[in-house]
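Visitor: I am new to this structure and would like to go through it slowly. Could you show it to me first and then take my questions one at a time?

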Amino acid sequence: MSEDTVLDVRHLKTSFFSKKTELPVVDDVSFSVKKGETLAIVGESGSGKSMTSLSIMRLVPSPNGKIVGGEVFFNGKDLVQQNDKTMYKVRGNDISMIFQEPMTSLNPVYTIGEQIREQLIYHQKISKREAHQIGIEMLQTVGFSRANDIMKDYPHRLSGGMRQRVMIAMALSNNPKLLIADEPTTALDVTVQAQILDLMRKLSKEYDSAIILITHDLGVVAELAERVVVMYGGQVVEEASIEDIFDDPLHPYTEGLLNSIPKIEGTQERLDSIPGTVPTPDNLPVGCNFVTRCPYAMEICKQEEPTLIDKDSSRKVRCYLHEEGVKNHGQQHRSS
Amino acid sequence: MDENQMKQEVKPPPQVTGAETLGKHESMLSIILKKFFQNKLAVIGLIMLTIIISSAIFAPWLATHDPNATSTLDRLAPPSAENWLGADHLGRDIYSRMLYAGQMSLWVGFAAMLSATTIGVVVGSVAGYFGGWIDGVLMRVVDIIISFPSIFLLITIVSVFRPSPEMLIIVFAILSWTGTARIVRSEFLSLKKREFVLAAQTLGLPKRRIIFGHILPNAIGPVIVAATLAIGAFIITESTLSFLGLGISPPTATWGNMLSDSQDLTVFLTAWYYPLFPGLMIFITVLSFNFVGDGLRDALDPRVVEK
């Protein structure tokens, strides 16, 4: 692991157990995040994005969910092996998270000030007065001019965009090295989305925090991310830089995702879509997880599961089309 | 959704102040108080309770006689300037005894309520938050306790042990925390799935703080209502036991054992005032607690919009 890697996830596997069956929701996921970098994790609903982030935080819903294998190295420590006490110090302090639903992620019975102060006092062991001061500064940083008033307000008095900004202020107030943003703009309208994205970009520079951006919105990805991990059925199917993903997607699933974005140039009668839905973890097909929806499916795809291969130094893909040996056959198929 | 309802409820009337869209900071408490005081019955109940509770507290100053002093001359004396509400079959002043009896009844009611609510809240929170086998074990214990017919269990226990007030409180608490535990558990089951709980977890707050600091305050409304109504129920139960001769033993006065003492044909025929006043006190007190409980229920329920 190089010096500037903040987070290194290796072969992470998280499963849900019901009765005696094991349902893998995160299956052999590996990726790493460098200092100050923004990494996007993209995929449809149910592809295991959120479970990956909860696994990193060690907050997989118990008692049914469990991390069954792999490592999550954060600053050289494997978080999977840490005890609960260490995790309490990591959460909020080293790794913070913001969520999709800003309307419900603040506690309705406490004022904004009380909520910002509580976690500051808990993590930094500072006085209430100091915490209040930091809270006001953080609120100003995220663009509240009346920060003093906001501290006294209850969450119901703020709009969705304002609450998301409060969440960002709280998440960044302990100066975390990594911020996990789980669909931070999905519940907001477009103009507010742009503000929040701007804010996140600005603050990640200012605080030198790495960001893991979880989303299904490729527009947001293009806006913010430097590298992209595409997930499907609990697995990483492609990893590449932002340019490569948009210019030359390797995996048929990535291609399908990109084709389903409306284009400005040219007329298009209907948007392309990927046929079918993401298979549920208890209903994964034999072989490649994507085989049932893949336009290029070959015989081998139905028999054996492809592995994640290094295409070049910065690209990885999990597809037989790009594996040596079967590659030629695939290319022919693709051009036909 | 709950938030939306809460939002509706606490939103101040639309203000036409232009740029400053947010009005003055209205705290949750002031809204609750406002809604409570709009309910006439609740206010009447509160006033009655204030009078009853202060009369119990100030009994030593308000009483005209020693509550246990007997006087053979005044046996079953009718209300007069000397004995305001008459005297009982031993010539004790009913008015003074009633004040001291109030002390005992209210003390048993409040103490039993506090202990039962504490046990119920802790058990319910833990069961609801952790779920799984912890929930299973705790809720089976609740089922077992509920499955006993409590009045018979009470009678058995108090006939075996000599019923001191402390003993009664402990027995009441052990037998009646189950309702609160179920209420709190069900609130926790829905609240723990809310995103602010996950948000608190990702901020690294410890479990104890999340359970009691973040989830419990959101679930406290129904608990307060249940607790208020429980005081009334405990006073009734204590009176029932005393009436059956199994409650707090004489000469200590309680409203229940005053009623019990007046169970006598001669008393019924000649001294109507003896059973009437203690009975009236039980009636008014319990009714007031119920009014206040209902008022609190409406005031704490965000779905009830203020008029």
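Visitor: How far apart do the C-alpha centres of domain 1 and domain 2 of chain A lie?
Guide: This is a predicted model, in which local features need pLDDT of at least 70 and side-chain atom pairs count only at pLDDT 80 or more, while totals for chains, interfaces and linings use all residues. Residues are numbered from 1 along each chain as its sequence is written, with chains lettered from A and ligands numbered from 1 in the order in which they are written. The assignment for chain A, where bounds come from an automatic or database domain assignment, gives domain 1 as 5-94 + 176-275 and domain 2 as 106-173. Between domain 1 and domain 2 of chain A, the distance of the C-alpha centres is 26 Å.

Visitor: Which helix of chain A gives the most to the side of domain 1 that touches domain 2?
Guide: Two residues are in contact if their C-beta atoms, placed from the backbone, lie within 7 Å, and in chain A 15 residues of domain 1 are in contact with 11 residues of domain 2. Helices (H or I, at least four residues) and strands (E, at least two) are DSSP runs, numbered from the N terminus. With seven residues, the one that gives the most to this side of domain 1 of chain A is helix 7 (residues 190-207).

Visitor: What is the order of the strands in the open sheet of chain A?
Guide: Strands pair if DSSP finds at least two bridges between them, and strand 1 (residues 5-18) of chain A is joined to the antiparallel strand 4 (residues 65-74) by eight bridges. At the edges, pairing on one side only, are strand 2 (21-34) and strand 5 (77-78) of chain A. The sheet has four strands with antiparallel pairing, and their order in chain A is 2-1-4-5.

Visitor: Is H11(A) buried or exposed?
Guide: H11(A) belongs to strand 1 of chain A, and its phi is near 50°, a positive value in a residue other than glycine. A residue is buried if 20 or more other C-beta atoms, placed from the backbone, lie within 10 Å of its own, exposed if 12 or fewer, and partly exposed in between. Because H11(A) has 12 C-beta neighbours inside 10 Å, it counts as exposed.

Visitor: Where does N75(A) lie?
Guide: Although N75(A) is not a glycine, it has a positive phi of about 55°. N75(A) has 15 other C-beta atoms within 10 Å, and therefore it is partly exposed. Its place in chain A is the loop between strand 4 and strand 5.

Visitor: How many helices are there in chain B?
Guide: Chain B has 307 residues, of which 41% are buried. Chain B contains zero strands, and the number of its helices is 14.

Visitor: At what angle do helix 5 and helix 9 of chain B pack?
Guide: Axes are lines fitted to C-alpha atoms, for helices over the stretch in contact, and angles run from 0 to 180 degrees between N-to-C directions. Helix 5 (residues 94-130) and helix 9 (residues 178-191) of chain B have their axes 7 Å apart, and they pack at an angle of about 35°.

Visitor: Which helix supplies the largest share of the side of chain B that touches chain A?
Guide: The contact takes 23 residues from chain B and 28 residues from chain A. Helix 1 (2-10), helix 10 (195-202) and helix 11 (207-243) of chain B each supply at least two residues of the side that touches chain A. The largest share, six residues, comes from helix 10 of chain B.
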